Amino acid sequence: MADALISVLLEQLASVVYQHTNQAVKLVLNAEKDVKSFSSKLKAIQAVLEDAEKKQLTDARVEDWLEKLKDVSYEMDDLLDEWNTEILRRQVEEKQEKEGENAPVTKKKVCFPMSSACFCFGQANEVIHRHKIARRIGELNEKLTLIAAEREMYGFHQSTKGGPDDQQVIQRQKTTSLVDISKIFGREEEKDMLLSKLLRESSPEEGRFLIIPIVGMGGMGKTTLAQLAYNDEKVTNHFHKKVWVCVSSPFDEVKIARAIIESLDKNETQKSSNELETLLLCIRSHVKDKKLLLVLDDVWTENQKEWENLKLLVIMQSCAEGSRILVTTRKQGVAKMMRASSMIYLDKLSDRDCLALFNSIAFFDRKKDEAAGFGAIGEEIVKKCKGLPLAAKTLGSLVWFKKTREEWRDVLNSKIWELEEVEEQVFRPLLLSYYDLAPAVKRCLLCCAIFPKDYHFKKNSLIELWMSQDYLNSKENKEKRKKGQTYFESLAMRSFFQDFDGNEMGDILGFKMHDIVHDFVQFLTKKECIIIEAAKGDNQIVELPGDKVRHLTLTSVPEGPLSFPTSCCMCRNIRTLSIFNSRITTISPGSILQMKCLRTLNLSDGVLTELPKELGELIHLRYMDLSRSGNLKELPDAVCDLFNLQTLVLVWCEKLEKLPKAMGKLINLKHLYVRNCRKLRYLPKGIGSLKSLQALDCFYVCDEGGDNEEAALKLGDLGIMDQLQGSLLIEGLGINNAKDDASEIEKAQLGNKEHLSHLEVDFDEEVCEERREGDSEIVKALQPHKNLESLSISDCHGTIESLYWIRSLHNLRKINLYGWPVCQVLPPLGKLPSLEILEIEWMDEVEKVGVEFLGIEEEEEEVSGILFPRLEQLSFRSMYNWEEWQGITKEDSSSSSSSSEITIMPLLYILEISECPNLIALPDFLYKITTLHTLTIERCPILEQDYEKGVGKEWHNVSHIPNITIRPESESEYESESESESE
């Protein structure tokens, strides 16, 4: 963790002199020298940090040295941040002076809080403050001088990632093909799947051989599964040659080639050669025209060049058809690098199999009556394993030595990472994966220790949390999210994350972390990250175990204000405060003032009623989550003094009535989330000056006739925010004069927002119909950027002609049109090349869906090609007057010589038709779609009768569809599922 911290700090130090000497406030000369000296020492220390972080696991002195290094690094980080904040403050003041009366906030002298006192900076105080910071930099430089000298005592050496140093700390276990089948529990389904891939004939698309990776986290049983398949009798009889090689790390091509030859022929004289070419030619001579099974166990390298140097793909081409390479790895990147298309992902064992594995070891050689009474405790212990075989084996071995129920309960009640056997056996494989990470990615992983077990993470929120702690160091702010996405993928592909969930378009939204992985990151951060669960009946005064705590999580805090002891100095270094499953109503002002280093504050999902004005003194704060605070009505004005604030989350604060007027002072704000704040009628006008805003999930259109018109942000103010990305909901369109709303939409310049992926537009459904005639003009003005991926427009009284621009959105993947009551035809969408999901709802005036929906225009003489080429999901709901769905008619065919070449919806997978009582039939082209897997017909009486299983007159046209669900209007439900075969 120190390595990543120092990497961030070095980048800050590298720019600090240039940055500060080019500002109105300058560092004094001595401070500039001290900064350069401090940076130089840090670089020297950084060169040995990788070795030091490994040695701390076995040497307490090294652990203590690293703690001192982190302490001084954190202090310098805070000091530089304090200095940068002063520069931000001056920028805000200068901006207000220039703008004068047109400033988004009232011009006033700002009282800015520092760590020791509150200064109203005049010229004299600036000089005093400048010298104070210079003195503190000098003191930290002296501390680091001593720490740097101490490193010589421990014999650290520079090391390279993945090199021999890893072997000195953790001996990688060599594997063999031998396995004791009697000790294997579960994995029957995975074994059958693997055997099927090994034994079946190769398809023409797969070629002569197949690469099969088994991917999973450390300790999940990848090698065991490979051993089971390798020793299966059918596999032995199927292949002419079988080879097992433990690859591990580093990836040594010569060593691997020798191991293959040794397995093929122990008497081969050329196996001692050091020439890779000689070894590879020898291998090819032994396997030519033979059906080969090659197992490469424990592969780590993602280096394409190393893999290609081994020439295995060339060698496998000379083998007999049906040969296989079986790979075990923790990293999905290895499978991608090998271009494997037949991956098996190994998940956790079932509870039953995990318990059986545990019992086979824990009760081995014990009499049945002797084991009686231990079973219930054993079941509870196994729950801590969460399906990880290695953990079940380790804990089973641990309790086998323990003879009393009290000793078993001690194991049950202990934190799993405090058990020496778990640290030795379970965490060592995870440490190998951990050391394989880059320093910054390591730090992002360890950050997850602040969340409770079984927590459902939100990917974007986690990335923004990493940003708040400066874990995503990047000179360009807009690149930080991309870097965070890369780090997330790196951790996910190494199986540190699991149980992913996403949206319809395949984007990952959330995930979980295996309990053992959570224990592992807590083990690595046990001094810095603390989770405290409040006991029942406790008051809200929280005491901490020491001053090394940087990240504090509180759970189950009862209702009332939260406070820390006023005499407590343990809070001064806290950088993260997160509260889960609690009912705090506020935080005491004194507690806020004790947490001056706070960068992340999460008070979400509670009964928060107010925040103290002292919140404005948290000058380092970058991330504040108050979401789902159902009783919170307003934020203190002091929030606007948080010049470093990057993320403010207020979603589902249903009683929140307004935001502070001076939010334009939050010049670092990048992400503002205010969706589902039901009582929030407008956003403050000051937000319009935040050119760097990257995420605004909801814009509330303000009623121009109301009292708040002058104070409200207008849609046109979004025009300067070209960095907006992700999702944007515009709520309440149509509430004003249509011409005014259309004009504001044009000024918003949605066409310039190339990073915006999802756009939702909700018209105000409560506006009377007489005022809705201008909705078409508003829709015409939208014209989003061609990069848009998802579009939803609801409760619109416009016509389809107003959507003329939709044809240019070639990257559009999803469309939802809901509640267009005056629309008589559907828009021409068939030629959108990327459209995957289409939802049409509540279009009461539509009676016929014709060829215009397919994108065919009347004047077209020739029609050919693929219409709706990528559409996978199509749903029509609540179309009460819809009678006819027309495909390509015979008249169309006779008028076009090319119509026979038309293909419609070739990838359609799901079709849903709900509450369309007058629809008389489905178009013929649907019957020809071979990919259609699910057909749902709900409350459509005519269709229900015609497509009834076995007896309906149209049943034969749809019987090939695997899943057909019909829910009649009577609400009695039945389902018919036919096999994937046509009658």
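At 32% relative accessibility, Lys68 counts as partly exposed, and in this predicted model its side chain forms a salt bridge with Glu150, with the closest N and O atoms 2.9 Å apart. The pair links distant parts of the chain, since Lys68 belongs to helix 3 and Glu150 to helix 4 (residues 123–150), 82 residues apart. Glu150 is likewise partly exposed, its relative accessible area being 21%.

Helix 3 (residues 60–99) also holds both Lys70 and Glu67, which lie three residues apart, or about one turn of the helix. These two residues form a salt bridge in which the closest N and O atoms are 3.6 Å apart. Lys70 is buried, with a relative accessible area of 11%, and Glu67 is buried as well, at 9%.

A further salt bridge joins the side chains of Lys453 and Asp519, at 2.9 Å from N to O. Because Lys453 lies in the loop between helix 21 (439–446) and strand 8 (457–458) while Asp519 lies in helix 24 (residues 515–524), the pair ties together parts that are 66 residues apart in sequence. Lys453 counts as partly exposed at 37% relative accessibility, whereas Asp519 counts as buried at 3%.

The distances of these pairs are set out below.

| Salt bridge | Closest N to O distance |
|---|---|
| Lys70 and Glu67 | 3.6 Å |
| Lys68 and Glu150 | 2.9 Å |

Across the whole structure, the search finds 47 salt bridges. Beyond the pairs described above, Asp77, Asp78, Asp81, Arg575, Arg599 and Arg622 are linked in a network of salt bridges.

Definitions and conventions
Residues numbered from 1 in each chain as written. Predicted model: local features only at pLDDT ≥ 70, side-chain atom pairs only at ≥ 80, totals over all residues. Heavy atoms only, no water. Salt bridge = Lys/Arg side-chain N within 4 Å of Asp/Glu carboxyl O. Helix = DSSP H or I, 4+ residues; strand = E, 2+ residues; numbered from the N terminus. Buried < 20%, exposed > 50% of the residue type's maximum accessible area, 1.4 Å probe, protein only.
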